[in-house]
Amino acid sequence: MKSTPLSLIAGVVALAAVTGFAALTVPGDDGATEAKAAARLPVERSSLLCPAPSTSDLAETTYTSFTPAAKDGPKDGTAELKAAEALPADEDEPADGKTGDADDKADADDKADADDKKKTEADDKEKAADSKPVVSLKDLGKPVTAETSKSGAPALVGTATDRFAPGWTTQQTTTAAAGGARGLLGVSCTAPDTDFWFPGASTGASRQDYVHLTNPDDTAAVADIELYGAEGPLKSDVGEGITVPARSSVPLLISTLTGEAAENVTVHVTTRSGRVGAVVSAAEDEVGSDWLAASADPAGTQILPGIPADATSVRLVAFAPGEDDADVKVQLLGKNGTFSPAGNDTLHIKSQMTASVDLKNVTRGEPGSLRLTPTDGSRTPVVAALRVVRGTGAKQEVAFIPATGPVGERATVADNRAKGSVLSLTAPGKTAKVKVTASAGSEGGEAAVKTYTVKGGTTLEVTPEAPAGLKGGYALTVETESGGPVHAARTLTIPEGGIDMFTVQTLQDDGGTVEVPEAEQDLSVLDD
């Protein structure tokens with residue numbers, strides 16, 4: 001008689017809950033046992049990585065961490081973000097070899113021992129300080145915030161377990177009032193992965209774009225960075241084999257990776273070993289700065305939600321990573337329907353070349369979202385992003401909107417304020433009904449819930465109903481109740497120095513649950 005231990009079955013379930021995938025082969029079954037879909041279970045572990053926020057002495061950064069409330073599930077767990085480790089400093093230069101008498105040597109040795117002890121104590125204190133969480137969640141459904149104005153604040157590495165893991169999200173928002181990186185820089189901290197696409201970057205003279213690579217693991221990761229301009233790949237001798245030390249972050253100025261200047265660049269980050277979080281910081285002279293998050297994976301159809309109604313300039317940047325060219329139809333999903341921008345109803349994207357088109361003030365006073373669909377039925381996969389400018393002259397400010405997937409079952413964005421938060425909902429296909437929950441405030445207030453209907457082929461812009469008695473910031477959670485799919489983005493605006501600084505974050509399904517396969521036969525005891 002043969003038996004499959006229950007611990008093995010439990011291990012498979014746990015693997016699926018952590019990774020979203022599990023395969024089970026019964027010993028002696030030769031793969032004959034099939035699995036069928038079972039109920040979805042909440043994930044048990046989530047990882048998030050936040051890039052180093054700013055090197056400016058004038059920057060102020062707020063971190064907001066949040067996990068949606070749940071009716072049941074585990075009672076224990078943690079959700080903490082800690083500083084990524086600093087890269088190791090060079091060792092002290094060796095002694096010059098000069099010697100004195102024995103007493104002098106003994107004194108020197110004693111002094112060296114004392115110095116080493118002090119250095120060790122100082123290092124221990126620094127490590128202890130670095131090991132303390134920067135942000136730590138206490139309750140479900142209530143965000144926690146932390147702030148820093150420290151120049152050169154580190155990247156953050158975080159993990160949520162058990163009850164805090166499903167739907168865990170963290171927003172990093174930096175206000176830089178002046179300087180070359182002036183602007184409101186917002187980013188939803190990312191999960192580690194092995195493949196990222198960033199259309200919309202630049203190596204032009206007016207831009208200072210950095211790609212930030214953060215390694216959450218205890219072993220080094222090795223990454224490659226490829227750059228593509230309007231004429232194809234940009235020559236680079238230093239973009240391969242980039243080592244990202246364990247639990248550390250490496251920022252790389254993109255223009256130093258190539259000798260070619262290009263206004264519109266697609267950045268492709270992959271890893272040979274390990275995994276990283278990747279995001280691009282973009283600063284443009286006299287226009288502003290913001291984070292450029294990765295585009296949704298290459299696909300034939302892409303949705304870019306949340307173009308502000310008062311956008312004065314919109315530039316679409318797209319890239320076809322495969323061997324075939326792509327021809328896409330460009331459509332704006334507006335307040336009342338869908339239409340193609342005059343003179344820009346299609347875009348030809350040559351294989352391995354970055355294409356761009358200036359759509360100017362395409363929204364014309366109404367909120368909108370962009371949809372790219374194949375024109376020839378080939379469904380050649382593409383990636384895409386928008387560079388969006390509000391204001392004119394010295395009062396310009398820039399933000400980026402990457403192509404994004406639907407909110408699916410649930411999606412959340414943190415760090416909403418009493419004023420300045422706008423939610424954009426678009427239904428590119430069927431009419432949809434969504435539930436929007438404004439969480440309790442970080443310092444007080446009661447959650448508020450409201451339901452919206454989004455007509456197919458349109459974009460609905462709403463000012464969220466703030467929590468009653470709001471104190472501090474709050475999170476917005478969007479759940480699809482019927483119809484759809486629905487794509488969403490949040491625009492946060494903060495006036496500063498006469499400029500309406502803004503940032504846009506897209507919302508994607510938080511992956512808070514996974515399907516766990518269920519064997520069709522009893523696995524507890526199997527006969528020969």
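I began with Arg-364, which counts as exposed at 67% relative accessibility. The cut-off for exposed is over 50%, so 67% passes. I note here that the model is predicted.

I then looked up the backbone of Arg-364. Its phi is positive, about 50°, although Arg-364 is not a glycine. I placed Arg-364 in the loop between β25 (354–360) and β26 (368–374).

Next I turned to Asp-162. Its phi is near 50°, again a positive value in a residue other than glycine. Asp-162 sits in the loop between β8 (156–161) and β9.

I followed the chain into β9, which covers residues 169–176 and holds Thr-173. Thr-173 has a relative accessible area of 2%, so I wrote it down as buried. The cut-off for buried is under 20%.

Which side chains make polar contacts with the side chain of Thr-173? I found Gln-171 at 3.3 Å. I also found Asp-415 at 2.6 Å.

I then listed contacts of Thr-173, leaving aside its neighbours within four places in sequence. Among them are Glu-60, Thr-61 and Thr-62. Leu-184, Leu-185 and Gly-186 are also in contact with Thr-173.

Last, I checked a peptide bond. The one from Gly-484 to Pro-485 is cis, with omega near 10°. I found Pro-485 in the loop between β36 (474–483) and β37 (487–496).

How values were computed:
Residues numbered from 1 in each chain as written. Predicted model: local features only at pLDDT ≥ 70, side-chain atom pairs only at ≥ 80, totals over all residues. Heavy atoms only, no water. Helix = DSSP H or I, 4+ residues; strand = E, 2+ residues; numbered from the N terminus. Buried < 20%, exposed > 50% of the residue type's maximum accessible area, 1.4 Å probe, protein only. Polar contact = N/O pair within 3.5 Å; in protein donor to acceptor, adjacent residues only side chain to side chain. Contact = heavy atoms within 4.5 Å.
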